[in-house]
Structures are given as C-alpha cells and as structure tokens.
Amino acid sequence: MSGPAASPPGTVAALQSALAAEEAAVYGYGIVGANLTGSPQAAAKAGWVAHQTAADALEAMLQSRGAQPTAAAAGYLLPITVRSDSEAVSLAVILEDRIEAAYLGLVALNSTAIRQFGALQLRAAALRAAAWRGSTVAFPGLPASALAAPQRHES
Amino acid sequence: MAALPTRRVVLAAGATLPLAAMAGCGGVDVLAAPPRPAPDVEVLRSAIAAEQLMIARYAAVLRDGSGSARPAGGGSPATMSADLDRLLAPLLAQHKAHLAQLRSRLIVPAGSRAAGPPPSGHSPGTPTVPAAPAAAVAFLRAAEQAAATAMLNRLPHAPAPVAQLFASISASEATHVPVLDAALRAAG
C-alpha cells in the first residue's frame with residue numbers, strides 16, 4: 001500500500017545511507033572483535049549483532065517503500081589500521097560516531113515513525129560509543145558545524 | 001511548567017525572519033489577544049525548561065556533596081564528595097552545553113519581555129535533592145532517564161534541525177545513566 005510514491009525521495013536516500021553505515025559497521029566490528037579478548041571481545045560481538053539487526057530493519061524499511069536495499073560491499077576501507085586492542089577500541093568509537101551521524105539524517109525526515117527509529121538507534125550507538133570511549137559527549141552524532149558558537153558564556 | 005507564557009518568540013530554525021516582523025513587535029502587543037507562540041516554539045521552550053531543571057538538580061547535589069551540611073556518620077564524606085564532584089562535573093557541563101544550544105535556536109525579539117537570558121524567576125530555583133550521596137546519585141539517574149524520554153517525545157513537534165538537536169541531547173542524557181549506575185555500584 002505504501003508504495004514508493006508515499007515516501008519522498010529523501011527518505012529512501014537517508015535509509016540507504018544509514019544502511020551503508022550499518023553494513024560498514026558490521027564489517028568493522030568483525031575487525032574490532034578479532035583484535036580483542038575477554039569482555040571487550042564480548043562487547044564487540046554484541047555490537048556486531050546489534051548492527052546486523054539494525055541493517056536488517058533498514059532493509060525491511062527500504063523494501064516496504066519499494067526500494068532495493070544497496071547490498072553490502074565485500075570489504076570496506078577502514079579509517080584506521082588495527083593492530084592492537086587500543087586501536088580496535090578506537091575503530092569501534094569511529095564506527096559508532098559514523099552510525100550516529102547517519103541516524104541523525106533519519107531524524108531530519110518528516111515521518112514520526114522514522115524520526116523515532118532514528119533517535120532510538122542514535123541512542124543505542126551513543127551508549128556503545130560512550131562505553132568504548134569511557135566517557136560521554138554532549139552532542140552525539142552532531143558535527144561541530146551544526147552547533148551554534150555560544151555568543152556569550154552562560155552560567 | 002506546562003503553562004507557557006504567550007510571548008512573541010520565533011524559532012531560529014529557518015533563519016529567514018522578515019525584518020518587518022521584528023520591527024513591528026512593539027505595536028502588536030496592544031492588540032486584543034497576544035499572539036500564541038507556534039507549537040514548535042513551545043516545544044523548544046519546554047526543552048529549555050527541562051535542561052534548566054537538570055542543571056539545577058546537578059548544582060544542588062554538587063552543593064550538598066561538597067558542603068558542610070552532610071549528616072554525620074556517613075562514612076568518609078570528604079572522599080565521597082570529591083569522587084562525586086569528579087563524576088558529576090562533566091555531566092553537568094554537558095547539560096550546560098545542551099542548554100546553550102537550545103537557547104541559540106530560540107530568537108527572542110528585542111524589546112520583548114522574554115529578551116535576554118530568562119529572568120531568575122523563570123528558572124526552577126533550587127530543587128530538593130536527597131542528602132545522602134547514593135540517594136542523590138539514584139535521584140539524578142532517574143531524572144536523566146526521564147529527561148531523555150521526554151526529549152524523545154518532543155521530536156514529532158519540532159522542525160528538522162531542532163529535532164536533530166533534541167535527538168542528540170536525548171542520546172547524551174541516555175549515556176549519563178550508565179555513568180551514574182557505575183557511581184551507584186562504587187558507592188556500594
């Protein structure tokens with residue numbers, strides 16, 4: 001019923017970009033997990049599963065809009081070389097930051113359901129990123145350019 | 001808190017404000033009914049009020065934690081408050097950053113009663129917070145969780161750029177919960 005005409009073109013593009021970020025995260029988390037042991041490795045496995053699940057949800061959302069989900073690539077160029085456990089953690093943080101930005105794209109859409117989905121996925125990514133980073137940030141997913149420079153310091 | 005003042009305010013989201021609207025604001029007030037703020041302005045105002053409340057709660061806990069009014073017999077108050085300060089300070093700083101960004105999205109016409117920083121009467125004052133450190137942390141944890149959820153509920157009513165800010169702030173507040181959980185475990 002909700003054919004392609006029901007979704008503005010921006011919706012499909014934003015869903016495709018979130019899917020691409022999730023597919024890259026699935027691939028990247030494989031590398032992350034391979035370089036970790038013990039409970040960090042368990043966290044990496046949980047992250048891998050979460051990203052795979054999110055990718056599946058995005059594929060279903062695209063298909064319900066009559067769009068063909070873009071297939072995952074066989075491999076992805078990683079933003080950093082991972083040879084140690086600390087580099088693996090750094091990669092996990094980068095992957096989650098990219099995921100956050102992709103889901104903020106969904107929050108900009110007009111559909112309330114997609115906004116909510118994007119915001120919940122953003123939260124999940126922010127929680128994982130904070131766990132890897134060991135600290136929290138004020139504006140997960142928002143680039144500095146999206147933030148107004150404060151005109152004056154308020155207490 | 002629900003009864004928002006009917007002040008003339010506009011969102012910064014579009015940034016295409018006709019100058020005439022600003023220039024004419026002095027005379028419009030004499031008309032019979034003051035114009036109601038648009039729903040997106042109200043939702044931004046409620047988000048600002050929510051952040052002000054969170055900041056006031058953190059400030060109250062930090063004040064209690066480092067003050068001398070700690071009840072006796074609570075272990076080692078000095079150490080506990082130093083730990084609590086170290087833990088809570090970054091979270092408080094993030095809430096202040098949230099508030100600054102939310103305020104930056106709201107343009108208040110010059111001459112309006114709401115111009116400038118909100119008067120102190122508009123802020124929630126000093127909220128009551130539990131005195132015992134563990135109870136105070138548990139209180140903040142519950143407040144963070146509720147604030148994160150309330151921020152999500154504002155999404156449908158906000159223009160896209162503001163919705164993105166709300167979503168990001170909600171996510172940030174959600175990440176504060178595990179930090180406070182860890183503090184609770186450390187407090188035993």
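Trainee: Chain B first. How many helices and strands are there in chain B?
Mentor: Chain B has 6 helices and 2 strands. Keep in mind that this is a predicted model.

Trainee: In what order do the elements of chain B run?
Mentor: From the N terminus, the pattern is β-α-α-α-α-β-α-α.

Trainee: What share of the contacts in chain B join residues at least 24 apart?
Mentor: That share is 85%, counted among contacts between residues at least 6 apart in sequence.

Trainee: And burial? What percentage of chain B is buried?
Mentor: Of its 188 residues, 32% are buried.

Trainee: Let me pick one residue. Where is B:Val43 found?
Mentor: B:Val43 lies in helix α3 of chain B, which covers residues 39–66.

Trainee: Is B:Val43 buried or exposed?
Mentor: Buried. B:Val43 counts as such because it has 23 C-beta neighbours inside 10 Å, and the cut-off for buried is 20 or more.

Trainee: Which residues does B:Val43 touch, leaving out those up to four places away in sequence?
Mentor: B:Arg154, B:His157 and B:Ala158.

Trainee: How far is B:Val43 from B:Leu53, C-alpha to C-alpha?
Mentor: The separation is 15 Å, and the two residues are 10 apart along the chain.

Trainee: Switching to chain A. What elements does chain A have?
Mentor: Chain A has 4 helices and 0 strands. Along the sequence that reads α-α-α-α.

Trainee: What does the radius of gyration of chain A agree with?
Mentor: It agrees with a compact globule, because 155 residues would give a radius near 15 Å and chain A has 17 Å. The C-alpha atoms fill a box of roughly 50 × 50 × 25 Å along the principal axes.

Trainee: How much of chain A is buried?
Mentor: 40% of the 155 residues. As for contacts in chain A with a separation of 6 or more, 68% come from residues 24 or more positions apart.

Trainee: Now the helix packing. At what angle do α1(A) and α3(A) cross?
Mentor: Roughly 170°, with the axes coming within 9 Å. α1(A) spans residues 9–34. The two helices are therefore roughly antiparallel, since angles over 145 degrees count that way.

Trainee: Which residues make that contact?
Mentor: On α1(A), they include A:Ala14, A:Ala18, A:Ala21 and A:Ala25. On α3(A), they include A:Leu91, A:Leu95, A:Ile99 and A:Leu106. By class, the contact of α1(A) with α3(A) has 15 nonpolar, 3 polar and 2 charged residues.

Trainee: What about α3(A) and α4(A): how many Å apart are their axes?
Mentor: The axes are 8 Å apart, and the packing angle is about 165°. α3(A) and α4(A) are therefore roughly antiparallel as well.

Trainee: Is the crossing of α3(A) and α4(A) left-handed or right-handed?
Mentor: Left-handed. The residues of the contact divide into 16 nonpolar, 2 polar and 6 charged.

Trainee: Last topic, the interface. How many residues of chain A are in contact with chain B?
Mentor: 24 residues of chain A meet 23 residues of chain B.

Trainee: Which elements of chain A give two or more residues to that side?
Mentor: α3 (85–107) and α4 (112–133) of chain A.

Trainee: And which gives the most?
Mentor: α4(A), with 10 residues.

Trainee: What classes of residue are on that side of chain A?
Mentor: The side of chain A touching chain B has 16 nonpolar, 5 polar and 3 charged residues.

Methods: Residues numbered from 1 in each chain as written. Chains lettered and ligands numbered in written order. Predicted model: local features only at pLDDT ≥ 70, side-chain atom pairs only at ≥ 80, totals over all residues. Rg over C-alpha atoms; globule rule 2.2 N^0.38 Å. Buried ≥ 20, exposed ≤ 12 C-beta atoms within 10 Å, placed from the backbone. Contact = placed C-beta atoms within 7 Å. Nonpolar A, V, L, I, M, F, W, Y, C, P; charged D, E, K, R; others polar. Axes fitted to C-alpha atoms, helices over the stretch in contact; angles between N-to-C directions. Parallel < 35°, antiparallel > 145°, perpendicular 65-115°, else oblique. Left-handed = near helix turned anticlockwise from the far one by under 90°.
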